[in-house]
Amino acid sequence: MILIADSGSTKTEWKVIKDGRAGESLFTAGINPYFLPGDDIYHLLTTELHELSGQSFDKIYFYGTGCNSEAKNNVVREAIGRFFEAGEVFIGSDLLG
């Protein structure tokens with residue numbers, strides 16, 4: 001399974017890809033590491049994305065506002081890594097996504 005997230009400062013759209021098919025979109029508040037520390041991102045995931053709690057993914061692709069340096073990318077990567085089990089986590093700018 002693959003998880004793709006497209007995040008701005010106001011909302012994040014999450015999409016699960018399973019067996020080559022995209023599921024319905026799930027939405028949470030926006031995630032911007034310039035305004036949210038890692039613990040706040042993790043808390044947001046636990047409260048707003050509980051539908052995916054305990055899921056394991058082969059790959060997670062997160063494209064977000066504020067993800068434009070390795071330091072900020074690591075803030076998001078660590079929070080996502082605490083919430084999900086994933087073989088690989090890619091963090092990139094929303095402009096790249």
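A salt bridge here is a side-chain nitrogen of Lys or Arg within 4 Å of a carboxyl oxygen of Asp or Glu. I worked from a predicted model.

**Entry: salt bridges**

I searched the whole structure and got two salt bridges.

I took Arg82 and Asp39 to begin with. Their closest N and O atoms are 2.9 Å apart, and the pair forms a salt bridge. This pair links distant parts of the chain. Arg82 has a relative accessible area of 46%, so I logged Arg82 as partly exposed. Asp39 comes out at 55%, so Asp39 is exposed.

Then I turned to Arg77 and Glu70. They form a salt bridge too, with 3.5 Å between the closest N and O atoms. Arg77 is partly exposed, because its relative accessible area is 24%. Glu70 is exposed at 51%; the cut-off for exposed is over 50%.

**Entry: Thr28**

Is Thr28 buried or exposed? I looked up its relative accessibility and found 4%, so Thr28 counts as buried. The cut-off for buried is under 20%. Thr28 belongs to strand E4 (residues 26-29).

What does the Thr28 side chain join in a polar contact? I found the side chain of Trp14, at 3.0 Å.

I also listed the contacts of Thr28, leaving aside neighbours within four places in sequence. Trp14 is on that list as well.

Technical notes. Residues are numbered from 1 along each chain as its sequence is written. This is a predicted model: local features need pLDDT of at least 70, side-chain atom pairs count only at pLDDT 80 or more; totals for chains, interfaces and linings use all residues. Side-chain values use heavy atoms; hydrogens and water are left out. Helices (H or I, at least four residues) and strands (E, at least two) are DSSP runs, numbered from the N terminus. Buried means under 20% relative accessible area, exposed over 50%, partly exposed in between (1.4 Å probe, protein chains only). A polar contact is a pair of N or O atoms within 3.5 Å; within protein, one must be able to donate a hydrogen and the other to accept it, and residues adjacent in sequence count only if both atoms are side-chain atoms. Contact means heavy atoms within 4.5 Å.
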